[in-house]
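Try each task before you read its solution.

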Amino acid sequence: MAQAPLHPQDALAALGRIRLDTAGVDDVLNTVADLARRSIPAAAEVSVTLLRDGTAQSVAVTGELALRLDEWQYEQGRGPCLDASVSGDALSVPDTAGEDRWPDWGSRAAEAGVGSSLSIGLPIQEAVVGTLNVYGRAPRSFDGDSIGLAKTFAAYAAAALSNAHLYSDTATLAEQMRAAMETRAVIEQAKGIVMGERRCGPEEAFSLLAKISQDTGHKLRDVAAALVTRATGESR
């Protein structure tokens with residue numbers, strides 16, 4: 001069940017209250033995605049992309065659609081989230097159907113029901129950069145005020161992640177980043193298993209895993225890992 005919307009100031013305050021002694025980078029990333037979706041006006045889905053050693057991965061998503069929109073960019077090797085990761089800029093796509101910088105991605109996004117997007121660079125540490133990606137259903141979902149708010153939110157989010165870097169040493173943070181990326185890989189494996197067993201699409205598979213997680217009180221990664229273990233006999 002989706003959580004209630006948040007006032008932007010409440011979301012920023014929540015970012016500032018993150019306990020770095022109890023929250024790992026994976027938890028911080030998921031919190032960032034959830035708070036952004038709940039506080040940025042017209043945000044339908046949100047993801048966080050990390051780019052490390054030239055490899056991009058969505059390590060936090062609020063839904064299957066956000067993941068697909070990101071992965072279409074990774075497949076092509078270009079798109080707003082990748083360009084924003086490298087440049088650190090804020091890139092707005094007001095109308096995906098008429099987008100001429102990334103036309104292939106734009107047309108696929110429009111067909112999937114996403115009319116606009118924002119990708120805002122997140123400088124995390126020297127070896128890892130990323131973006132906060134915000135997707136809207138309608139064209140021109142994000143006006144100047146929304147874009148300004150998203151930039152402010154991204155700055156707070158980057159600060160939270162930078163503080164995580166200061167809290168732990170570089171080796172520990174790198175391991176947490178690696179674990180966050182592995183979490184996404186395990187979830188993707190589990191989705192594939194569910195799709196094969198139930199003959200369903202990726203969104204339904206993701207929703208089923210999320211429901212099991214909610215019903216059992218176990219983290220989504222643990223639910224996914226247990227399913228992969230059952231299917232392959234390999235521990236995760």
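**Exercise 1. Find what share of the contacts with a separation of 6 or more comes from residues 24 or more positions apart.**

*Solution.* Contact here means heavy atoms within 4.5 Å. Residues 24 or more positions apart account for 61% of the contacts in the chain with a separation of 6 or more.

Before going on, keep in mind that this is a predicted model, in which local features need pLDDT of at least 70 and side-chain atom pairs count only at pLDDT 80 or more, while totals for chains, interfaces and linings use all residues. Residues are numbered from 1 along each chain as its sequence is written, and side-chain values use heavy atoms, leaving out hydrogens and water.

**Exercise 2. List the elements of the chain in order, and state how much of the chain is buried.**

*Solution.* 
- Step 1: Count the elements. The chain holds 9 helices and 5 strands; these are DSSP runs numbered from the N terminus, helices being H or I with at least four residues and strands E with at least two.
- Step 2: Read them off from the N terminus, which gives α-α-β-β-α-α-β-α-β-β-α-α-α-α.
- Step 3: Turn to burial. Buried means under 20% relative accessible area, exposed over 50%, and partly exposed in between, with a 1.4 Å probe and protein chains only. Of the 236 residues in the chain, 46% are buried.

**Exercise 3. Compare the span of helix H2 with the span expected, and name residues of H2 that are buried.**

*Solution.* 
- Step 1: H2 covers residues 25–39, which is 15 residues. The expected span is 1.5 Å times one less than the number of residues.
- Step 2: From first C-alpha to last, H2 reaches 21 Å, close to the 21 Å expected.
- Step 3: The buried residues of H2 include Val25, Val28, Leu29, Val32 and Leu35, as well as Arg37 and Arg38.
- Step 4: Arg37 and Arg38 also belong to a network of salt bridges with Asp34. A salt bridge is a side-chain nitrogen of Lys or Arg within 4 Å of a carboxyl oxygen of Asp or Glu.

**Exercise 4. Trace the salt bridges of Lys191.**

*Solution.* 
- Step 1: The whole structure has 11 salt bridges. In one of them, the side chains of Glu64 and Lys191 meet at 2.7 Å, N to O.
- Step 2: Glu64 is in helix H3 (residues 64–76) and Lys191 in helix H7 (residues 170–198), so this pair ties together parts 127 residues apart in sequence.
- Step 3: Lys191 also bridges to Glu188, with the closest N and O atoms 3.0 Å apart. Both lie in H7, 3 residues apart, about one turn of the helix. An α-helix has 3.6 residues a turn, so residues three or four places apart point the same way.
- Step 4: Lys191 has 3% relative accessibility and counts as buried, while Glu188 is partly exposed at 26%. Glu64 is buried too.

**Exercise 5. Which side chains and backbone atoms does Glu45 reach?**

*Solution.* 
- Step 1: Glu45 sits in strand E1 (residues 45–52).
- Step 2: Look for a charge partner, counting Lys and Arg as positive and Asp and Glu as negative, with His and the chain ends not counted. Glu45 is buried yet has no salt bridge, and the nearest side chain of opposite charge, Arg137, is 4.7 Å away.
- Step 3: Look for polar contacts: pairs of N or O atoms within 3.5 Å where, within protein, one must be able to donate a hydrogen and the other to accept it, and residues adjacent in sequence count only if both atoms are side-chain atoms. The side chain of Glu45 makes one of 2.6 Å with the side chain of Thr62, and reaches the backbone nitrogen of Gly63 at 3.3 Å.

**Exercise 6. Describe the nonpolar cores.**

*Solution.* 
- Step 1: A nonpolar core is a set of buried Ala, Val, Leu, Ile, Met, Phe, Trp, Tyr and Cys residues joined through side-chain atoms within 4.5 Å. The largest has 34 residues, and Leu29, Val32, Val48, Leu132, Val134 and Phe153 have the most contacts inside it.
- Step 2: Elements giving two or more residues to this core include H2, E1, strand E5 (128–136) and helix H6 (144–167).
- Step 3: A second, separate core of 16 residues includes Ala190, Ile193, Val194 and Ala224.
- Step 4: Zoom in on Val194, which is found in H7 and is buried at 5% relative accessibility. Val194 and Ala205 are 11 residues apart in sequence and 5.7 Å apart in space, C-alpha to C-alpha.
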